[in-house]
Amino acid sequence: MVAPSSRAVADVTSSPAPDLLIEAHGLTKTFGDFTAVDGIDVAVPRGEAFGFLGPNGAGKSSTMRMIACVAPITSGSLRILGMDPVSQGPRIRARLGVVPQQDTLDLELTVRENLYIYGRYFGMSRAALRPKIDDLLDFAQLTERADAKVEPLSGGMKRRLTIARSLINDPDILLLDEPTTGLDPQARHVLWDRLYRLKQQGVTLVLTTHYMDEAEQLCDRLVVMDAGRIVAEGSPQQLIVAHSTREVAELRFAPGENAAAAERIGGLLDDARERAEVLPDRVLLYVADGERALARAHEAGLSPISSLVRRSTLEDVFLRLTGRSLID
Amino acid sequence: MSAVAAPASRSHLWQVVEYQLYVGRRIWRSMFIVGVFTPLAYVLSLGIGLGTVVNNHGNSLGVPYLVYVAPAFLTAAALQIAAADAAYPIMAGFKWIRTFHGMAATPLTPAQICDGQLMWVALRIFANSVVYLAIMAAFGGTERWWVVLCVPIATLTAMAFAAPVAAIAAIMENEGNGFNMLFRFIVTPMFLFSGTFYPVSELPEWGRWLAYISPLWHGTELARGSAIGHIGGLAVLGHLAYLLLWFVVGLVVARWRFGVRLSK
């Protein structure tokens, strides 16, 4: 599929595209008394893969629906592709690709018909759609199922079809709301591969996820959201450096003994940046040198049932920033 | 933007209709059965079967019973099919298959989605009514050319009721149980009390008022007027105005509720 990249070039020459495709200041969304999005600032330049990372209920989807020009904002300002969503919603939506959290495919129609009908909503002609659909079927690895009904397809295939559908209009921005939630690991990897290709082609990606590995693989830059607010921002690596230690030692003790063990280990840590975190099933030691911390725990007479040393991830950043884990 | 045409509201309407045509290709059998066998059943059993009894027992209607009753059947069938088409498919678009949410992410506006959906219902009703008229004619149920006006009249009557039903479908959050009530307590009684089988003047006072409120009676009067004659110009205008009022109010509320539902 070559269309998205050639498209980006065409746009630069035809219209003075804004540097920032998405620009939000104090963006707020309330539902009655409940504040879903609480005054966030977001700026996404062309070509970036930008992520909203956070647990369920953090306000990610509400933010995405405002960016998609589907839900109105409550207050603050929002400009998409340099335009105002209130007065120019249809014009903006004509240039967006949207992968919603829940598929909205027509299960009674075939794979090809779903793409065709969706393309028609963008005012595309039959002639323009025919080659486009073939390209997208190929990209989504659905060519063999082109004339099959959607209903019996696997979750991963449906998701790939939804992504193919979102690319029918060569969007300037591709919005993906929890693109791989509910898929098995293999299907997720296939999907990540497809999204990574789009990223390589220069498509601007905006995605929400509560999977830290997804965020790490796909996002150039991300914001961590919690309770409607942005609590941290940066590249995955920057966030890890800023909010976590280099390594993490995970120690698993017998049920009920984790808290007491953590307290004893806490006294062994020398650096102020190093600390112990108790989870229901294990103790995490945030340290510069994981093997050394393990050795010291053993020397102090602690004997965990199992232990491992790993690099810090975004999951640790999130735990540090909010005191909770991403997936409850 | 090379591949994307400038948004034009009228073409958007047809894009939604085109989608429904694709869906329709999958269910053409049931559409065919409803479109052909329902008229056949009514025309044969009531128009001709019951009609023979009526005609043999001092028919005071001035025309054969089939000629009297068939335009009313046509109008009532149009309204019933339109009500069902505006109820369940719209509920499904919001709730079960969620296709409207997919459409809302495109340049289509909620009002266009609403209009396109209703346009599809109107086209289907128009086509059904043409078939119904042909079956009426085949069995001798028509006496003059004016009867062809039954088709647009039935379509208007159907849409006068379908638009408010679409609004209800856009409002309803539950699993659609409310539609059972709608069909049981409004649509079916309306068929029985709107002068379909006999003039409403035969009804007691309260029954007549039921007829006057219902859009179906106004549509039936117009359709029968076109089939038989003897309807005044002022009455025609009154009936048309009443049906248009239902349609416009229903459409305004439906568009509004589509907007509310799709922008949550």
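**View 1. Strand 5 and strand 6 of chain A.** Strand 5 of chain A and strand 6 (residues 173-177) of chain A run parallel and are joined by four bridges. Helices (H or I, at least four residues) and strands (E, at least two) are DSSP runs, numbered from the N terminus, and two strands pair if DSSP finds at least two bridges between them. The model is predicted: local features need pLDDT of at least 70, side-chain atom pairs count only at pLDDT 80 or more, and totals for chains, interfaces and linings use all residues. Residues are numbered from 1 along each chain as its sequence is written, while chains are lettered from A and ligands numbered from 1 in the order in which they are written. Val98(A) has Leu175(A) of strand 6 as its bridge partner. Strand 5 (residues 96-99) is covered on both faces, with Leu96(A) and Val98(A) buried on one side and Gly97(A) and Val99(A) buried on the other. A residue is buried if 20 or more other C-beta atoms lie within 10 Å of its own, exposed if 12 or fewer, and partly exposed in between, with C-beta atoms placed from the backbone. In a regular strand the side chains alternate between the two faces of the sheet.

**View 2. The open sheet of strands 2-1-4 in chain A.** Three strands of chain A form an open sheet in the order 2-1-4, with antiparallel pairing. Strand 2 (34-45) and strand 4 (75-80) are the edge strands, each pairing on one side only. Neighbouring strands of this sheet are turned by 15 degrees against each other on average, direction ignored. Axes are lines fitted to C-alpha atoms, for helices over the stretch in contact, and angles run from 0 to 180 degrees between N-to-C directions. Nine bridges hold the antiparallel pair of strand 1 and strand 2 of chain A, in which Leu20(A) stands opposite Pro45(A). The hairpin of these two strands has two residues between them, and Gly32(A) there takes a positive phi near 65 degrees. Strand 1 (residues 20-31) is also joined to strand 4 of chain A, by five bridges in the antiparallel sense; Thr28(A) has Ser75(A) as its bridge partner there. Helix 2 (residues 60-67) of chain A lies across strand 1, strand 2 and strand 4, at about 125 degrees to strand 1.

**View 3. Strand 10 of chain A and its two partners.** Strand 10 (residues 247-252) of chain A runs antiparallel to strand 12 (residues 283-287) of chain A, with five bridges between them. Glu247(A) stands opposite Val287(A) of strand 12. Six bridges join strand 10 to strand 13 (residues 306-311) of chain A, again antiparallel. In that pair Arg252(A) stands opposite Ser306(A).

**View 4. The contact of chain A with chain B.** The contact takes 27 residues from chain A and 28 residues from chain B. Two residues are in contact if their C-beta atoms, placed from the backbone, lie within 7 Å. On the chain A side, helix 3 (85-93) and helix 4 (111-121) each supply at least two residues. Helix 4 of chain A gives the largest share of this side, four residues. By class, the chain A side has 16 nonpolar, four polar and seven charged residues. Ala, Val, Leu, Ile, Met, Phe, Trp, Tyr, Cys and Pro count as nonpolar, Asp, Glu, Lys and Arg as charged, and the others, Gly among them, as polar.

View 5. The axes of helix 3 of chain B and helix 6 (residues 150-171) of chain B come within 8 Å and cross at roughly 30 degrees. Helix 3 is therefore roughly parallel to helix 6 (angles under 35 degrees count as roughly parallel, over 145 as roughly antiparallel, 65 to 115 as roughly perpendicular and the rest as oblique). Helix 3 passes helix 6 in a right-handed crossing (a crossing is left-handed if the near helix is turned anticlockwise from the far one by less than a right angle, and right-handed if clockwise). Helix 5 (residues 110-138) of chain B packs on helix 6 of chain B at an angle of about 145 degrees, with the axes 9 Å apart. This crossing is right-handed too. Among the residues that meet are Cys114(B) and Leu118(B) in helix 5 and Ala158(B) and Ala162(B) in helix 6.

**View 6. Gly93(B) in helix 3 of chain B.** Gly93(B) lies in helix 3 (residues 65-96) of chain B. Gly93(B) is buried because 24 other C-beta atoms lie within 10 Å. Gly93(B) touches Thr99(B) and Phe100(B), not counting residues up to four places away in sequence.
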